[in-house]
Amino acid sequence: MAELERKIIPIGPFHPLQEEAEYFKLTVEGEKVVGLDIQLGYMHRGHEKICEGKTYDQIPFVVERICGICSTSHPFACVQAIEDAAGIEIPPRAAYIRTIVGELERLHSHLLWVGLAGHFLGYNTVWMWAWKYREPVLEMLELITGNRNHYAMFKPGGVRRDIEGGMIPPLLQVLDAADKKIMMLTKAILDDPVLHRRLEGVGVLTKEKAVEYSVVGPTARASGLATDVRKDDPHAAYDWIEWEEIVLHEGDVFAKAKVRLLECFESTKIIRQCLGKLKDLPAGEIDARMEYPPDGKGIGRYEAPRGEVFHYVKGDGSLYPVRYKIRAPSFMNIKSNEVAVLGASVADAAITLAAVDPCYCCTERIAAFNTKGKLLYTWDDLVKLSQEKTARMGGGS
Amino acid sequence: MLKGLKKGALARSLWVYHVSASPCNNCDIEILDLLTPRFDVERFGLLLVGSPRHADLLLVTGMVNKKVLDRVLRVYAQTPKPCLVAAFGSCAISGDLFVDSYNFAGPLDKHIPVDVYIGGCPPKPEAMILGVVRAIEKIKKLKDL
């Protein structure tokens with residue numbers, strides 16, 4: 001057989017299937033994908049630098065706007081980092097409220113992904129139904145926080161709004177209704193012969209490769225790797241309540257969808273328990289004051305819907321941090337696409353690229369080019385720059 | 001007569017192209033939300049299309065950064081005129097909290113003419129529908145198209 005010619009298929013930066021502007025360069029031989037190049041930078045907004053010019057109370061609002069879908073995960077990790085640096089203990093009521101908002105966000109994010117996955121497959125019925133059932137969740141968030149997205153709920157030391165006793169019965173009512181509908185949707189998707197045929201065995205990420213690429217979140221859990229910050233490093237109210245970690249072993253796109261759908265039920269379970277516990281706690285105790293700005297380092301981890309999000313803050317006792325560092329889950333997950341996409345057919349590329357639930361807004365990095373297209377800084381240069389800055393800041397580590 | 005026809009056709013069914021110019025995904029998700037059963041803007045004749053060459057209305061979300069600016073200008077150049085542009089969300093209107101960012105290329109109306117401003121972070125779905133209705137009203141009022 002004659003050797004097939006290599007062709008390049010560009011996807012993006014603006015592509016009907018992408019919400020975000022990203023550029024994928026697929027190299028194909030016939031229908032087989034043999035190379036993948038991802039170019040980021042269309043969404044880079046310079047959050048880490050902006051954070052250095054804001055006070056500790058303002059930073060949660062800034063990191064909230066890293067991503068509109070994980071707009072609780074970033075503040076969650078952020079306030080934990082600041083509390084870690086300042087040595088504050090939050091009141092239990094605040095911990096429960098944080099957990100409730102975090103899990104509601106996971107619910108809406110997973111339903112959103114399921115819908116988008118249907119959209120990527122051209123199966124718009126799944127999209128419409130999943131998003132229809134996502135609406136009650138957004139309604140609950142609006143009831144608790146006052147906004148459908150970007151909740152502005154967290155602050156260092158606690159939360160900004162209380163869930164009052166009168167709000168709990170209507171919340172439980174909406175939750176029960178949502179639970180039923182999600183169950184219906186889950187059964188419909190898991191029993192759908194079309195989706196089984198289309199997704200099983202597609203874009204497989206084996207456990208070995210999952211370890212090698214250090215993937216996190218549902219991507220890792222669908223490949224048999226039990227990693228969940230909520231279990232491994234419990235924070236907020238996650239170790240005071242009963243819930244299970246969902247782990248599957250197939251590693252294909254169907255397993256990734258199944259993990260997310262099953263996690264929705266764990267989320268509703270967690271929310272229901274937290275709402276029950278709120279009744280026994282004194283109302284209004286939601287805030288521990290931060291007396292002094294932190295002098296030192298702190299880290300915060302949270303299991304975002306896409307995996308572990310990590311924030312690092314270093315303060316020098318002034319009102320502003322010296323350094324703020326963010327690592328979003330998609331940073332780890334996107335790289336694993338290399339394994340999942342290579343060797344597959346072009347038709348499977350779109351859904352496989354989407355299966356890790358990539359969030360490019362979270363993970364944007366930049367590369368500096370001059371006008372002639374020459375890379376100005378290589379990896380080694382950047383490491384050197386970073387080390388020099390750490391030394392300037394005084395000792396580092 | 002041709003002019004009247006053009007105006008009528010444009011006002012009756014706006015085809016929308018969504019340009020994500022460095023947003024936080026929030027406005028983008030809310031735009032998609034508009035198309036799903038709860039709000040269902042297709043009843044007003046709105047249709048999300050896959051290419052700027054088919055579009056009448058560009059919904060631009062996000063603070064325009066230096067890298068994406070070139071692409072936004074290209075998308076605008078590809079859109080058949082007359083077309084409408086909506087600055088969607090606080091970021092596209094003013095830059096919001098990203099005005100201090102080293103990668104901010106200026107508010108959207110500095111680069112391309114903007115017809116409708118839809119404010120909010122993110123705008124409420126009701127506000128988005130109102131914005132689109134305003135856009136349609138604007139077409140109807142135009143004298144020469």
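The model is predicted, so local features need pLDDT of at least 70 and side-chain atom pairs count only at pLDDT 80 or more, while totals for chains, interfaces and linings use all residues. Residues are numbered from 1 along each chain as its sequence is written, chains are lettered from A and ligands numbered from 1 in the order in which they are written, and side-chain values use heavy atoms, with hydrogens and water left out.

Contact (heavy atoms within 4.5 Å) links 42 residues of chain A with 37 residues of chain B. Between them the two chains bury about 3,500 Å², 59% of it on carbon and sulfur atoms; buried area here is the accessible area (1.4 Å probe) that two parts lose on being put together, summed over both. Phe14(A), Glu19(A) and Tyr42(A) supply 22% of the area that chain A buries against chain B, more than any other three residues.

Seven salt bridges are counted between chain A and chain B, each a side-chain nitrogen of Lys or Arg within 4 Å of a carboxyl oxygen of Asp or Glu. One of them pairs Glu139(A) with Arg38(B), with the closest N and O atoms 3.4 Å apart. On the side of chain A that touches chain B, α1 (47-51), α2 (59-64), α4 (92-120) and α5 (124-145) each supply at least two residues, and α5(A) gives the most, with nine residues. Helices (H or I, at least four residues) and strands (E, at least two) are DSSP runs, numbered from the N terminus.

Turning to chain B, the fold has five helices and five strands, arranged along the sequence as α-β-α-β-β-α-β-α-β-α. The C-alpha trace of chain B spans about 50 × 35 × 25 Å along its principal axes. Of the 145 residues of chain B, 56% count as buried, that is, under 20% relative accessible area, with exposed over 50% and partly exposed in between (1.4 Å probe, protein chains only). Among contacts in chain B with a separation of 6 or more, residues 24 or more positions apart account for 83%.

Back in chain A, Thr363(A) lies in helix α15 (residues 360-363) and counts as buried because its relative accessibility is 1%. Leaving aside residues up to four places away in sequence, Thr363(A) touches Leu40(A), Ala328(A), Ser330(A), Phe331(A) and Ile334(A).
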